[in-house]
Amino acid sequence: MPKLASSGFVQGAGFLAACVLLWEVAVRLLGVREFLFPAPSTIIMEILNYPGFFARNALYTLLVTLVGFAIALSLGVALAVGIVYSRLLENTLYSLLVALNSIPKVALAPLFVIWLGTEMAPKIAIAVTIAIFAIVVDTVLGLRSVDPETLNMARAARANEWQILRKIRFPSALPSLFAGMKVAISFALVGALVGEFVAGSQGLGHAILLAQGMFDTPRVFASIVILGLMGTILFYLVDALERYMLPWHASHRGARMAM
Amino acid sequence: MPKLASSGFVQGAGFLAACVLLWEVAVRLLGVREFLFPAPSTIIMEILNYPGFFARNALYTLLVTLVGFAIALSLGVALAVGIVYSRLLENTLYSLLVALNSIPKVALAPLFVIWLGTEMAPKIAIAVTIAIFAIVVDTVLGLRSVDPETLNMARAARANEWQILRKIRFPSALPSLFAGMKVAISFALVGALVGEFVAGSQGLGHAILLAQGMFDTPRVFASIVILGLMGTILFYLVDALERYMLPWHASHRGARMAM
Amino acid sequence: DDDLSVLLDFAPWGLHAGVHLAAEKGWFKEQGLNVNVRDGRGSVSTIQLVGVGEADVGMAQLGPMATAREKSGIPLKSIAGWVRKGDLAAVVDKTAGISTIADLKGKKLALFAASPFLPFLDTFLKAGGLTRDDVNLLYVEPSAMMTTYTSGQADGVLTAGPYGQALAERDRPASLVLAEQAGISYPSYGYFSTESVIEGKEDILRRFLATQTRAFQYIYDGHVDEAVAAIISQRADLKLNPEILKSQIELYRPFFTTPNTEGKPFGWQSEDDWASTIKSMVEAGVLGDGFKPQDFYTNAFIGE
Amino acid sequence: MQPILEVRNVGKVYGSAPSGVEALRSIDLEVRPQEFLSIVGPSGCGKSTLLKCVAGLEAITSGTIRVRGEDISGPPSQMGIVFQRDLLLDWRTILENVLVISEFRGTRTDELEAKAAELLVRFGLGDFQRRYPWELSGGMRQRAAICRAILDNPELLLMDEPFGALDAMTRDDLNLELARLWQETRKTVVFITHGIQEAVFLSDRVAMMARNPGRIVDIFEIDLPRPRTLKMRDSAEFSAIVHRIRERFADIGAISTE
Amino acid sequence: MQPILEVRNVGKVYGSAPSGVEALRSIDLEVRPQEFLSIVGPSGCGKSTLLKCVAGLEAITSGTIRVRGEDISGPPSQMGIVFQRDLLLDWRTILENVLVISEFRGTRTDELEAKAAELLVRFGLGDFQRRYPWELSGGMRQRAAICRAILDNPELLLMDEPFGALDAMTRDDLNLELARLWQETRKTVVFITHGIQEAVFLSDRVAMMARNPGRIVDIFEIDLPRPRTLKMRDSAEFSAIVHRIRERFADIGAISTE
Ligand SMILES: Nc1ncnc2c1ncn2[C@@H]1O[C@H](COP(=O)(O)OP(=O)(O)OP(=O)(O)O)[C@@H](O)[C@H]1O
Ligand SMILES: Nc1ncnc2c1ncn2[C@@H]1O[C@H](COP(=O)(O)OP(=O)(O)OP(=O)(O)O)[C@@H](O)[C@H]1O
Ligand SMILES: [Mg+2]
Ligand SMILES: [Mg+2]
């Protein structure tokens with residue numbers, strides 16, 4: 001199954017266009033109340049009318065997302081390594097992480113505000129706590145799935161654990177880590193948004209709240225659409241990075257092979 | 001590294017106990033105000049005083065979580081299969097899923113109520129939408145990571161795609177799928193909770209909202225602690241299922257081998 | 001029996017006493033009504049849901065309802081105004097010696113981004129000779145608002161005054177600097193419906209509101225405790241705090257009448273009040289030009 | 001007699017210029033029904049590639065391949081294949097691994113299970129039916145892979161160095177087993193090996209490949225009588241053929257040519 | 001002279017009773033410095049297991065293993081090992097794969113890279129240095145694995161059927177290469193093979209193992225002169241030794257004993 005990137009893009013764009021059209025028609029024909037669910041044309045007009053406003057807030061949310069993602073990535077990989085090497089960490093920190101991940105961050109809003117204020121810190125913290133989980137779980141799987149004989153090969157050469165980690169476990173965990181990253185980048189965005197709901201005066205989350213207070217549904221949906229676009233773009237950036245970095249992996253070899 | 005399950009349990013429990021103790025001492029010594037962050041003893045008393053209340057709400061949330069998880073699992077695996085086999089689905093549904101995952105469900109609250117009412121449906125829907133993402137991403141990775149030569153072996157026997165899927169791709173994707181399930185079960189719980197924030201009158205999420213409205217911090221934290229416990233238990237149930245079902249996988253072989 | 005669905009603004013609190021007491025006392029039955037009361041998830045969501053017909057009657061702040069009427073084009077109309085005096089206020093420490101808007105200079109004030117207070121903020125501050133730069137605004141989640149105040153992170157909270165005051169009482173007693181000081185007239189909690197419901201269920205609404213006027217009259221005639229008990233009994237098992245409920249009801253007492261509604265039954269709204277509300281709202285930019293008071297309310301269901 | 005397998009002027013290039021590898025160039029080969037054909041050639045000359053092309057698993061760059069008179073489009077029916085790597089499935093026991101192909105074909109029955117168990121015993125894996133692949137030695141895994149390929153009695157059997165990981169004795173045993181199987185069932189076999197003795201012992205013809213690019217340089221007819229016995233290997237006739245092939249092999253050169 | 005490697009009464013059971021497999025029983029073996037020792041034995045007799053135990057990669061169940069007079073606890077230093085599977089790293093090119101061990105040892109230099117490239121040329125992989133493992137044929141992968149093991153000039157070299165996937169010619173070439181290497185550098189080599197000829201050609205001694213349980217049944221001294229040439233293989237003396245070993249092998253039986 002030869003897959004052409006360009007045809008993929010055309011398909012994706014076509015599908016998107018079809019969805020938007022369907023939505024527009026549905027809103028107009030079925031008389032869905034704009035007040036709850038505005039037509040795409042309304043939303044697009046809203047964005048075109050206030051490009052600066054949306055750009056500014058989207059950039060802020062993007063910044064929080066990226067910083068949160070970067071922290072989640074580094075911290076998550078470090079944690080995963082710790083968990084794979086230490087039964088103690090697995091029994092303690094891992095379980096704690098699992099428990100923390102089950103707690104809705106919004107319920108802890110007061111604590112976040114009190115401990116971290118209302119600037120960027122609480123938002124980044126929430127983005128990190130939401131994004132880190134997938135990274136840890138997937139990286140742990142990846143680090144553990146190394147072929148035992150390959151480990152033997154390295155051990156026979158008296159590679160120390162650090163070398164084994166860097167040169168064997170880590171590269172072979174990369175496909176798994178990337179799967180974790182794809183989930184995490186998406187959740188980092190959600191986390192940034194939840195963070196903006198919890199506190200702060202910038203970003204798309206704040207814009208949504210303000211607009212909700214004013215019953216400005218077009219603006220709410222414009223923000224939501226921008227969020228969806230941002231999430232998609234971030235996801236496919238990670239995907240592209242994966243294709244670029246892991247040409248050797250079975251899931252990408254097809255692209256380089258005749259069949 | 002021989003790992004004994006029982007010693008692991010002891011370590012985990014010990015760590016938990018240590019955390020709780022530290023928390024209690026910190027609250028008492030530092031005079032943290034109870035309305036912000038109550039001591040564990042307060043929280044435990046709260047749970048012991050209203051066991052029926054917490055049990056009922058926890059059960060409700062658990063039910064939503066499990067139903068949401070089950071739907072996310074079946075739908076997610078089906079979607080992943082579609083994505084792996086069809087470039088069209090990959091370019092359309094996958095991207096749509098990515099976009100949907102980036103949207104804060106809370107911002108769509110009124111739509112959920114109108115489309116799905118205030119009973120269990122909207123909560124299950126939110127749990128599904130949050131949980132499905134990790135399942136899809138990890139299953140896609142797993143299905144794609146099959147050794148190309150092994151696929152050739154099956155193709156040479158004129159196995160049809162359905163057989164290849166069932167007997168080759170799916171079993172070899174299981175480790176990855178389980179990683180996705182671990183992330184998903186945790187997020188299904190969060191999703192159930194977010195659903196309860198959006199609408200309805202049962203569950204721990206509802207209990208948290210009410211308690212916040214009444215400034216009843218012990219109850220908020222009691223609910224949070226129960227959530228954390230539920231999340232941990234659900235996670236380790238999936239983990240146990242994995243160990244039981246995948247004894248052949250490199251990450252579990254250690255348990256059955258001398259070294 | 002005639003069915004009527006009522007969607008409240010939020011999780012149970014003091015002002016829900018009206019419906020719960022009526023239910024408890026069997027007054028709905030007396031009127032041949034079968035009233036289904038549901039809790040809501042904030043004024044905004046309640047207004048939207050009533051607007052699209054998810055419930056017949058909503059309870060919410062009437063100011064935002066007016067905004068929603070313009071934005072949605074759905075003819076929402078208030079059918080009873082309970083808290084007729086504006087309750088927007090800065091909730092501040094009782095002991096901090098803050099009594100005027102000017103005293104807020106340099107203070108840290110928490111508020112919710114979707115709060116109806118926000119559009120009035122400039123007008124409010126200006127009345128004390130201040131601008132936004134003179135205060136430190138903390139936008140936080142509603143659940144974190146009062147905690148930021150009680151924990152000392154913020155010096156005050158911009159919210160529905162008595163509501164916040166009641167919550168703060170136990171940990172950091174508060175007093176109010178009312179937005180009214182700045183000439184802002186912004187009606188608070190009341191019942192509303194769409195015009196189509198108002199026409200279609202006129203008789204049912206009349207009977208329903210009769211129970212409500214009676215309920216609030218009864219409550220403020222010295223039966224606050226009974227009202228609290230009714231809320232708790234109707235929402236059994238939620239471990240509602242009777243003290244907070246009680247102080248919410250009591251703190252709202254003075255807000256049930258304005259000079260223009262003096263002597264009128266509870267729920268009755270004055271044209272003059274609405275006229276100045278419209279003026280305030282237009283100034284704040286939350287309402288366009290060309291609205292008349294009658295667009296937003298009707299006293300048709302409240303006996304003189 | 002119509003050949004069961006015809007390879008006409010087949011070329012195969014992996015990847016694309018300039019970094020592409022020309023693995024096969026103008027290969028011509030016919031395999032008659034019930035024939036046992038071996039392919040020998042230096043490492044990397046394209047033996048496995050040719051086998052995969054014939055099996056319909058690799059697209060060819062030029063030429064045609066026909067099986068039973070028809071251009072192939074994908075793996076032909078009634079074909080069994082042993083790959084160079086054992087490719088056992090980690091999550092199945094050895095017995096279940098052997099049976100997997102019959103599951104694909106929908107021919108799995110209790111009878112076949114019994115036959116599989118018996119086959120495993122014949123291949124010295126009787127005690128290991130319920131073990132997982134990683135509990136077996138390299139040679140045992142390879143034997144299991146052979147069992148998997150022949151269980152269903154395919155008409156056309158393609159084998160890529162099936163005995164590579166086996167000691168001489170086991171190999172002899174399996175050579176005999178394979179010769180007997182062939183004698184009994186008269187399958188068509190295409191057999192890749194690096195053992196010239198083995199090739200001569202088993203085959204009707206031996207095709208020799210050279211590399212850079214991969215091509216067939218010679219085909220030797222082996223006129224030894226059938227059925228063959230291990231003792232025949234000591235005969236002068238046998239040695240002469242082996243010697244001739246070795247000479248030719250030395251001509252085309254192994255590593256040093258590169 | 002003190003043996004570089006002493007194996008005393010070593011036993012190894014995989015898993016635990018009742019389903020455990022006794023892979024080795026009371027193995028006794030001494031390898032002298034600079035000796036070339038081959039191990040032959042039927043498939044599944046425990047050759048790989050023994051090698052892994054000696055390499056410190058598998059825990060032994062009983063007995064002791066000493067390298068240079070010291071009980072081993074983990075892989076000894078100055079050891080190179082070629083596994084039965086090639087175990088190349090998918091994400092590294094062939095050249096980078098060959099160099100990975102020097103990275104572990106911290107000995108990677110530009111010089112060593114040049115040496116690695118040269119080694120690859122000698123093993124017929126000159127054109128494939130920048131390719132990934134999956135672009136190579138089975139034999140080529142195995143050769144790359146051999147290059148990886150010997151690049152760093154280990155004092156003790158353990159090889160598990162390194163030439164299993166190679167054709168006779170390439171194998172001969174590499175046999176010569178290995179003999180020359182050994183002659184030059186005088187490494188100690190423990191060499192598992194299923195080629196008896198090969199074992200005789202290369203070794204000072206040949207140990208023969210039998211299975212169920214895995215044990216050493218005989219050790220043959222090979223008194224042929226050094227350096228050895230391919231021609232020697234045609235000598236009567238050589239044939240006699242090979243024949244003797246084959247006989248013995250037939251005694252212990254291959255598959256049929258099971
Ligand atoms: N997937 C692939 N991608 C690119 N090149 C390949 C691929 N598979 C094989 N090759 C190249 O094709 C040539 C022939 O390989 P093939 O595996 O057919 O050799 P072979 O004769 O089977 O060798 P061996 O006896 O060592 O197994 C080699 O040069 C190899 O590098
Ligand atoms: N990881 C393992 N777990 C359980 N049993 C094993 C394991 N590895 C090997 N064995 C068993 O130990 C015995 C010896 O295996 P080993 O791999 O040492 O054989 P070998 O002599 O190298 O055979 P071959 O020549 O086929 O490679 C076999 O019966 C095998 O099933
Ligand atoms: Mg090959
Ligand atoms: Mg072996």
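Biologist: Which residue of chain B does R243(A) form a salt bridge with?

Modeller: R243(A) pairs with E90(B). The closest N and O atoms are 3.9 Å apart. Keep in mind that this is a predicted model.

Biologist: How many salt bridges are there between chain B and chain A?

Modeller: The count is 2. R243(A) with E90(B) forms a salt bridge.

Biologist: And how many residue pairs are in polar contact there?

Modeller: 4 residue pairs between chain B and chain A, both partners at pLDDT 80 or more.

Biologist: How many residues are in contact across the two chains?

Modeller: 71 residues of chain B and 69 residues of chain A.

Biologist: What area do chain B and chain A bury between them?

Modeller: About 5,900 Å². Carbon and sulfur atoms carry 70% of that.

Biologist: Which pair of chains has the most contacts?

Modeller: Chains A and B, among the 8 pairs of chains that touch.

Biologist: What about chain C and chain D, how far apart are their closest C-alpha atoms?

Modeller: 50 Å, and no contact joins chain C and chain D. Chain C and chain E do not touch either. The nearest C-alpha atoms of chain C and chain E are 48 Å apart.

Biologist: Switching to ligands. Where does ligand 2 lie?

Modeller: Between chains D and E. 20 residues surround ligand 2. The closest are E135(D), S137(D), K47(E), S48(E) and T49(E).

Biologist: Which atoms of E135(D) and K47(E) lie by an oxygen of ligand 2?

Modeller: Backbone atoms. A polar backbone atom of E135(D) is 2.6 Å from an oxygen atom of ligand 2. For K47(E), a backbone N or O atom lies 2.7 Å from a ligand 2 oxygen atom.

Biologist: And S48(E), is that backbone or side chain?

Modeller: Side chain. An N or O atom there is 2.6 Å from an oxygen atom of ligand 2.

Biologist: Why is the ligand 1 site called shared?

Modeller: Because residues from chains D and E surround ligand 1. There are 20 residues around ligand 1. S48(D), T49(D), E135(E), S137(E) and G139(E) are the closest.

Biologist: What distances do you have from T49(D) and G139(E) to ligand 1?

Modeller: A side-chain N or O atom of T49(D) is 2.5 Å from an oxygen atom of ligand 1. A backbone N or O atom of G139(E) lies 2.7 Å from a ligand 1 oxygen atom. For G138(E), a polar backbone atom is 3.4 Å from an oxygen atom of ligand 1.

Biologist: Which residues of chain A does the "transmembrane region" annotation cover?

Modeller: UniProt, again in an unreviewed entry, gives 6-23, 59-84, 96-118, 124-143, 176-200 and 220-238. Residues 124-143 of chain A are 100% helix, with end C-alpha atoms 27 Å apart. Residues 176-200 of chain A are 92% helix, with end C-alpha atoms 35 Å apart.

Key
Residues are numbered from 1 along each chain as its sequence is written. Chains are lettered from A and ligands numbered from 1 in the order in which they are written. Side-chain values use heavy atoms; hydrogens and water are left out. Contact means heavy atoms within 4.5 Å. Buried area is the accessible area (1.4 Å probe) that two parts lose on being put together, summed over both. A salt bridge is a side-chain nitrogen of Lys or Arg within 4 Å of a carboxyl oxygen of Asp or Glu. A polar contact is a pair of N or O atoms within 3.5 Å; within protein, one must be able to donate a hydrogen and the other to accept it, and residues adjacent in sequence count only if both atoms are side-chain atoms. UniProt positions are given in the numbering used here, feature names are shortened, and annotations may be inferred rather than shown by experiment. Helices (H or I, at least four residues) and strands (E, at least two) are DSSP runs, numbered from the N terminus. A residue is near a molecule or strand if one of its heavy atoms lies within 4 Å of it.
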